[in-house]
Amino acid sequence: MKKNFRTLDEITKGNVLNDYFINGVSLRTLKRKYNLFSNEVLAILGQENLKLEDYPDGIIGGKSFVALADTHIGSIYEKKWYYDYLANFLAKYDIRDVVIAGDFLQGTIPRLQEKYEEPKEQIEHAINLIPVNNQVTWHILFGNHDLPLLEQNKECYKIIKTRKDFHLLGYRRAYMLFGKNLFSVSHKTPKYGVIPPCVNTDFSLYGHGHFEATKNTKIYLPPFCLDTKSTPVGSPYPGFIVARRLPNEIAFFYYIFFEKTNKNTTVLELVKLKESLLEPQEMGKVLSISIAKK
């Protein structure tokens, strides 16, 4: 039986169901009342008879946003230059939303920098690492690396929330709107017992794989760190995806850093990679979704 890492006892579940279906309490109010993420409320309510308008946990209203995954902040593969570059990129193109599809932190899993072994120190490092821009919101889904660390201490969430520009999406899967287009953000979190229902979306973003690839309307996001893996499909290089709303389509573009590591990479080689200022290259459109009928 999977361990449920959140306090979702039967009384809480019953109260949530009663409030939503009988008393007409909004999902936003349920989140505050029971201290739950939106996707946890969705998991309790289930898909049957659920209002479709309650699925999105936030709206990206601009014409573009950046999607990335597996930042693994606090690991030996973290690269500060990526964040410096991204901050300038966001400002240059007036992009105001970044979606992170899981493994925001390295957590308690090996290849962690020793100075960030304590949860509080690792989270504070993440807060200080990501540049502040009052125009930008970071929509963060947590993954399997985040779960053990964040559940160690309830104060962890309070620390993360000190960054007012951090929008926490919860674990495993969440839903958002890009204009009028519903999309999902997912990351495998096997030990997390709360599973939001699946619905049809216009496109889906996936973390965890550490490679970039597309399949139908699914985009597997590259890592935003130097922890790269060989893969028979797609690109194993670090990078990020930019979604742009064009007149008749949503187009997705891959920006790639041509640097990677493998099991034979030495400490010296890793240090040199972390110190380099290699800018990414745009690899062109990797996916196009028609919005002519929207």
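These notebook entries record what I looked up in this predicted model.

**Entry 1: the sheet**

I began with the strand order. The model contains an open sheet of six strands, ordered E1-E6-E7-E8-E10-E9, and the pairing is mixed. I then asked which strands lie at the edges. They are strand E1 (59–60) and strand E9 (213–215), each of which pairs on one side only.

I looked next at the pair E6 and E7. Strand E6 (residues 173–178) and strand E7 (residues 181–186) run antiparallel and are joined by six bridges. For Phe-178 I noted the bridge partner in E7, which is Asn-181.

**Entry 2: the nonpolar cores**

The largest nonpolar core comprises 50 residues. Val-66, Phe-104, Trp-138, Phe-142, Leu-150 and Phe-240 have the most contacts inside this core. Which helix gives the most to it? Helix H4 (residues 80–92) does, with seven residues.

I followed Leu-150 individually. Leaving aside residues up to four places away in sequence, Leu-150 touches Leu-105, Ile-123, Phe-142, Cys-156, Tyr-157, Ile-160 and Tyr-171. I also recorded a second, separate core of 26 residues, with Leu-221, Ala-243, Ile-256 and Ile-291 among its members.

**Entry 3: salt bridges**

I asked how many salt bridges the structure holds. There are nine, and I examined several of them, one at a time.

Lys-33 forms a salt bridge with Asp-19, and the closest N and O atoms are 2.8 Å apart. This pair links distant parts of the chain: Lys-33 belongs to helix H2 (residues 27–34) and Asp-19 to helix H1 (residues 10–21), 14 residues apart. Asp-19 has a relative accessible area of 7%, so it is buried, the cut-off being under 20%.

Asp-94 forms a salt bridge with Arg-96, with the closest N and O atoms 3.1 Å apart. Asp-94 is exposed because its relative accessible area is 51%.

Asp-227 forms a salt bridge with Lys-229, the closest N and O atoms lying 3.7 Å apart. That separation qualifies because the cut-off is within 4 Å. I recorded Asp-227 as buried, at 17% relative accessibility. Lys-229, at 41% relative accessibility, I recorded as partly exposed.

Key:
Residues numbered from 1 in each chain as written. Predicted model: local features only at pLDDT ≥ 70, side-chain atom pairs only at ≥ 80, totals over all residues. Heavy atoms only, no water. Pairing = 2+ DSSP bridges. Helix = DSSP H or I, 4+ residues; strand = E, 2+ residues; numbered from the N terminus. Core = buried A, V, L, I, M, F, W, Y, C linked by side-chain atoms within 4.5 Å. Buried < 20%, exposed > 50% of the residue type's maximum accessible area, 1.4 Å probe, protein only. Contact = heavy atoms within 4.5 Å. Salt bridge = Lys/Arg side-chain N within 4 Å of Asp/Glu carboxyl O.
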